[in-house]
Structure formats: C-alpha cells, structure tokens
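Please have the structure open while I talk.

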Amino acid sequence: MYESLAMNSNDELWMRRALDLAEQGRGCVEPNPLVGAVIVRDGKEVGVGWHQKFGGPHAEVHALLQAGTAARGGTLYVTLEPCCHHGKTPPCTDALIAAGITRIVAALQDPFPQVAGRSAALLRAAGIAIEFGVAAREAQRQNAPYLKLLATGRPYVHAKWAMSLDGKIASKTGDSKWISNETSRRRVHELRGKMDGILVGIGTALADDPLLTARPPGPRIACRVILDSRARLPATSKLVRTATDVPTLIAVNSLYQPSARHLSAARCEVLPLPPDEDGKPDVLKLLDELGRRRWTNVLVEGGSAVLGSLFDRQAVDEIHVFVAPKLIGNDRAKSPVGGVGFEKLLDCHGWRTEAIENLDGDAYLHGIRTSQDERQN
C-alpha cells in the first residue's frame, strides 16, 4: 500500500529523524548544507542517509541505496529540497524519479540558485507530490551557517569566551590560565574542529602565544586568522612557527603590508585590508573576504577589542560562554566584550538561550542572536 499523499500525523516524527541524521555531517560537509533523509513505506523505515562529506553522495542517494527496491511507492523525508543540477555528484531528482518515490516531504526549499524551487517543479512534473514546511524552524536553525553564507556572502560567526562569575576574562595582571576547567576546554577543542577559521586579535596572540588548533583534531582543520594592524606578530610565535603545518592568515592594515615580510617568508598568508576608523583592519571587509572563500563557520576567541568590534557591528550570530565558579574582582580586570557598546539596555543585543550545561562545575551557555522582532515580542 502506497503512502498517502496527504500530510499525516507522522510527518514531523520522521522529519525529526532526518534532522538527527543530518547533524552527523556537521564539520564534514561545509560549505554544503547538512542534509538528512529517511525513506518510509507502509509506515516503516526502509532507508536512511545523510550527507557525509563534501563532494560525496548526498543524503537521498545513501537512503535510496539502503532502501533498494523497497523505495518504490514510498515517501522521502528530507531536510532540504533535493538537488537538480550536476555538481560534484549527479542530480538527486533523477535518482528519486528512477527509484519510484511517490511523495516527498522537505523541511526547506534550498535557496541555492541552481536549485531554488526548480527541483520541486521537476519532481511534480514527474508525478511526485512534494510538500515543504515540516519542522522548518528546526531545519533553518540547523543550516543557519549555510543559509547565511548564501544570503549575505559572509560566514556564520561564533563568539567564544571563558569568564569568572563576576564577568572577568583575566586578572588585573592579565593572567588568564586557566579560568575554565579541562572539560570546558575540551568542548572548545570540539568547536575548533568544526570551524573553517579561528579568529583572534594581536593582543591575544601576543599575550597567550596560542596554537589555536583542535586537539585532538576534528573533521576540519581551521585556518588561524590574526587581526594584526601593524604586522607585529613575531617570527618566534607558535602561530608563525607552525604556519607550514596549519594555514595561518594575518590581516593587516594595508598601509603596514611592507612590515609583514617576515610573516610572508614564514609561509603565513598576509591579507591587506583597508583600515576602519581606528586604523585597524576592517572586520566586515575581512568577513566579506572569508565569505568569498566559501568559509561557512568562523570562531572568534578574543580578545575583548575584537569581540567588541564584531558585536558593535552586529556581526556575531552565536555565542559560546564558559562561566567558571570563580571571583576575580578589581576594576582593571578585563570583561569579555569591549567596543563602543550601548548606553541604554533597551538597545542591547538580544540572545536566545539554546542550552545551559554543567561541565564539571563550569556553566556552558550557548546562545543565538535574536531578530529585532523577537526582542520586541
């Protein structure tokens, strides 16, 4: 018996299964979207799949291979509109038509210009019913980085910091090792392993001499990005000494490009950028360049001036805050976000808490920037 072409009460259940499958591709498929697929026939799951790696078969193909002939007459639940163009893989629409799928429930239309509703038209022309909108909000959240890159040409920006209960990221002397515990630091390494880039300012690079790598390695090797107006990063720093092993990008004020010869000689990529009003490399121009490179996720780890600059420009999409049960005190101890800030609380950025976790005593707060409409409501 074929699946009914009318929306049924199990559609959301199967779509959530597809969303869970899609999540397994995070860090492995970017700049492609996360996609999960479930094929159901006679109320039973007969095939599942997810997009597993960039350039590899899409979720629908994996699900069709698992289902085999059982796919004929079944319903496909997929988190994003199937593709209809030749890219690194053949069109999924062709495979779905050939397999005899009779109904498709997709969470979202794909805004990618070569898809963008064209797949749905092709499938309907072949006699396949296709519907959109089940668990759409969850699917939008899951693929927010992909959707932002397509809509704005800029990567999705994650901001991360660790602080004490009284909101300090270091003592008055600058000591910051370690505010957070080992469990929190492991979570940070997990985040790093799913990013295209990790961004810090020159102050953080000079004070901490960090490596900015994921340990152990994750599915992605993030490029280290340093905002270094006057090319002050020394050749003896860990970042420069490891530039032959890990991609390292130094963004400098274009007027100081001649001062960056030692960085180019060490195999760092030097990116001259026009200065902002403070003479620093313009962070929005930097994000534009990273978007042109199809970077999807960038993790900003500080310091407070860099974070403040990005928050002032409303360029941060997601926050990862690790709060340690410590009190540091002193007016001169730094807070995590500098910049101009706001004079009135009503004008402050709004954030929606996605999760609060206890990491062996530290509190991990994960938040998403809210829209103006959400803040007013």
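Predicted model: local features only at pLDDT ≥ 70, side-chain atom pairs only at ≥ 80, totals over all residues.

Let me begin with D11 and Y77, whose side chains are joined by a polar contact of 2.6 Å, where a polar contact is a pair of N or O atoms within 3.5 Å, of which, within protein, one must be able to donate a hydrogen and the other to accept it, residues adjacent in sequence counting only if both atoms are side-chain atoms. Residues are numbered from 1 along each chain as its sequence is written, and side-chain values use heavy atoms, with hydrogens and water left out.

The two residues are 66 apart in sequence, yet the C-alpha atoms of D11 and Y77 are 7.8 Å apart in space. D11 lies in helix α1, helices being DSSP runs of H or I with at least four residues, and strands runs of E with at least two, numbered from the N terminus. D11 is buried, at a relative accessible area of 1%, where buried means under 20%, exposed over 50% and partly exposed in between, with a 1.4 Å probe and protein chains only. Beyond four places in sequence, D11 is in contact with Y77, R103, V105 and V134, contact meaning heavy atoms within 4.5 Å.

Next, the cores. The largest nonpolar core has 37 residues, of which V38, I39, L76, I101 and I104 touch the most other members; such a core is a set of buried Ala, Val, Leu, Ile, Met, Phe, Trp, Tyr and Cys residues joined through side-chain atoms within 4.5 Å. Apart from this core lies another, of 28 residues, including V225 and L273.

Which geometry do the rings of W161 and F311 adopt? Their centres are 6.1 Å apart and their planes at 75°, so the pair is edge-to-face; rings of Phe, Tyr and Trp (its six-membered ring) pair if their centres lie within 6.5 Å, with planes under 30 degrees apart counted as stacked, over 60 as edge-to-face and the rest as tilted.
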